[in-house]
Amino acid sequence: MGPMTTTPTDWAVEAEGLVKTFGTNRAVDGVDLRVKSGTVYGVLGPNGAGKTTTINMLATLLRPDGGTGRIFGHDVVREPQIVRQLIGVTGQFASVDETLSATENLIIFGRLLGLSRIEAKAKSVELLERFSLTEAAKRPLKKFSGGMRRRLDLAASLIAQPPLIFLDEPTTGLDPRTRGEMWDTIRDLVASGSTVLLTTQYLDEADQLADRIAVIDRGRVVAEGTPDELKTSVGSSSLQLRVMDPRDTDATMEAIERILGVHGTLSPEASRITAPMAEPDRVTDLLLALRQSGIGLDEISVQKPTLDEVFLTLTGHDAADQNQPEAQNAEGEKEEVLA
Amino acid sequence: MTVIAAPRIVPPSERNLKNYTGLGQNVRNTLTMAYRGLVKIRRTPEQLIDVTVQPIVFTLMFAYIFGGAIAGDVQNYLPTLIPGILVQTVITTSVVTGVQLREDMDKGVFDRFRTLPIARIAPLSGALLADTVRYAIATTMTFAVGYLMGYHPAGGLWNVILASLLVIACSWAISWIFAFFGVIARTASSVQGISMLILFPLTFLSNAYVPIDTLPTWLAWFASINPISHLVTAVRDLVNEGTVGPDLWTTLLGAAVIVAVFAPLTVRAYMRKA
C-alpha cells in the first residue's frame, strides 16, 4: 500500500501536550495522543475527565491553551479550514436541526459542503438507506428515537467522506441492541478506510472496537496501549467463589494460593472470595482440588475488569463522575472520591 | 435486500485542500444558510405571526382608535398611518434576527457548522438574508390591509414597490444592531428585552402616528431628528406624492452608517465565538 517508511501523514492524529483551562480548572492537562491512519482509537475515561474537551480542540471547536494538535499533519490552529476538510464530528448532543426532517438536514449539510442540488439529494438518499433511516426520512426529528438520532448524526458527519471521524460517546444512553448496531456501523467505517477516534465511558466498548486505547483521568493520559496490554496491566478477570460452609473458607484460600499462585480476598460479608485469574486453565485444577477436599461451592462466577477497577489500579482512585468536585480540588492529586 | 457498502475514502494526500474560503464559496454558503432559514420558517409557520397577524391587528386598531381624533376620520388618516405602521412593524420584525441567532448559536447544530469547511460568516449572513423575506411579508401585509380599508396610494404601484424596498433595506440595516446583541448576549430572552427597550421609544417618539407639531417642544426636537421619522417621511413622500424628498437620502445615509458601524462589530464578535 503506502510507502515503507513512516511519513508524518501516517498519523491521523498527533496531539502533543494539549492543555485547556477553564478558570482554575485544568480540564485538559497535557494530553498526548497518536492515532495511526486506518485504526480505531478509543479514549476511555469517566465523565468530566477531559475527553470531550480534547476532541473539541482537535476538531477546531476550541483553541488549545497549550500544546499542539495535528490532523494528517495539518495544525489545528494554523490550518483549521484544512483540518475541517478532513474530519467528521459526531458530538454527544444532537448536532442536527430539530425542526427539519432528516432529508432536509442532510441536503443542507451537503449543499454547504459544495455538492450540487442533485448530488446532495442523491447523497442524502444513499446515507439514509445505509443507516436504515429511509422510512423516517420525512418525519420531523422530534419523533426520532435516541438511536435513530445518533445514526442521523453520524450520517451527517459522513457526507464529505472524511478520512477521520470523531465520535464523542457514540453509544451513551443507547439500549444494548442499538449499541450493537452502532458498533457494526463503526466497524464498517473503518473497513472503508476511515480512521475513527472515539471516546467512551465503557471499557467493554473500547475493548470491542478500539485497536488502541488511552485511559484519561483528570485531563491526563494515565495509560495507553492495546486493549490486551491494558487489561493485562490491570490484572485480567477475577474469579469469585462462595463456599457452602463458612468454616471451609480458610482451606479454600489456602488452595487458591497453592494452585493459582495468588492471594484471594474475602468480601466484607465474609462469604465471597475474589481472586485474580491470570490463567483460566488453572481454575479447573482449583475446582478439582476443592472437590477432592470435600469443599462445596454455593456460587462461582468470573468477573471481567470494570472501568472502576481499571481506574482504581491505574490511578488509585475510582472512576466517579469528575465533573463537579474537580473544579475545587483539581490540585489535590490523589484524593479519594468516594461515590 | 441490498447491502450498501460504505464508499471508499479518499486519502488526505490525494485531496485538494485549501486553508481559505473564496468569495464564491462565501456567497454559496450564505445562500444555503438562507435557504435553511426559509425551510425552518416553512416547518414552523407560527414564527410568521409577527409578520402576518401583527400588521393586520395594528393597522385596524390604530386606524379606528386614532383616525377620528387625529385626521377627522379613518379614510383621511390612512395616508399618514399606513407608512407609519409599515415602518414600525417591519423594523420591529428585525428584532427576531437577533433572538433567533442567539437561539441557533446555543444549539448543537451550530457546533456542527463550526466543524464544517464552510465560510465562517455563512450562518450569520444567511440568517440576515433569510429575514429579508420576513420583512417583505410584513410590508405586503400592511399595504394589503391598507388597500382593503380603502387606502389607494396616490404615488402608484411603482412607488409603493420602491417604498417597500426602502423599508426592507432599512430593516436589514437595523437588524445588524440586533444581530450584534444576539451574538454578545447570553440568552435569547435578554436579546428580546434589550431590543424592545430600544425600539419601542424609537418607533413611537417619531412622526409615525401623529404630526410632530402636536408634540411638546423637547419631544418634537427628538422626533424630528429620529431616523425613524425620516424613514416614515420618505415612505410618505413616495407613496402619497410620488416624490423623492431629502428624507430618502438622509435615511439611506443613516442605514449605511448603521451597517458600517455594526456589521464589523457583529462580525468580529461573531468570529470570536464561531
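Predicted model: local features only at pLDDT ≥ 70, side-chain atom pairs only at ≥ 80, totals over all residues.
Residues are numbered from 1 along each chain as its sequence is written, while chains are lettered from A and ligands numbered from 1 in the order in which they are written.

The secondary structure of chain A comprises twelve helices and 14 strands, where helices (H or I, at least four residues) and strands (E, at least two) are DSSP runs numbered from the N terminus. Two residues are taken to be in contact if their C-beta atoms, placed from the backbone, lie within 7 Å; of the contacts in chain A with a separation of 6 or more, 66% are between residues 24 or more positions apart.

### Strand pairing

Strands pair if DSSP finds at least two bridges between them. In chain A, four strands form an open sheet with antiparallel pairing, in the order β12-β13-β11-β14. Its edge strands, each pairing on one side only, are β12 (265-266) and β14 (297-303) of chain A. Two antiparallel pairs of chain A are set out below.

| Strand | Paired strand | Bridges | A bridge partner pair |
|---|---|---|---|
| β9 (residues 212-217) of chain A | β10 (residues 220-225) of chain A | five | A:Ala214 and A:Glu224 |
| β11 (residues 238-243) of chain A | β13 (residues 272-276) of chain A | five | A:Gln240 and A:Thr274 |

### Residues with positive phi

The hairpin of β9(A) and β10(A) has two residues between the strands, and A:Arg218 takes a positive phi near 50° there. A:Arg218, a residue other than glycine, lies in the loop between β9 and β10 of chain A, and it is buried because 21 other C-beta atoms lie within 10 Å.

A second case is A:Glu169, which has a positive phi of about 45° although it is not a glycine. A:Glu169 is placed in the loop between β7 (164-168) and α6 of chain A, and it counts as buried because it has 23 C-beta neighbours inside 10 Å.

### The side of chain A that touches chain B

Between the two chains, 38 residues of chain A are in contact with 30 residues of chain B. On the side of chain A that touches chain B, at least two residues each are supplied by α2 (80-86), β6 (87-90), α3 (102-112), α4 (117-130) and α6 (176-191) of chain A. Of these, α2(A) gives the most, with five residues. By class, this side of chain A has 18 nonpolar, eleven polar and nine charged residues, where Ala, Val, Leu, Ile, Met, Phe, Trp, Tyr, Cys and Pro count as nonpolar, Asp, Glu, Lys and Arg as charged, and the others, Gly among them, as polar.

A:Gly193 has its place in the loop between α6 and β8 (195-200) of chain A. Leaving aside neighbours within four places in sequence, A:Gly193 is in contact with A:Gly38, B:Arg8 and B:Ile9. The C-alpha atoms of A:Gly193 and A:Pro163 are separated by 7.1 Å, although the two residues are 30 residues apart along the chain. A:Gly193 counts as partly exposed because it has 16 C-beta neighbours inside 10 Å.

Notes: Buried ≥ 20, exposed ≤ 12 C-beta atoms within 10 Å, placed from the backbone.
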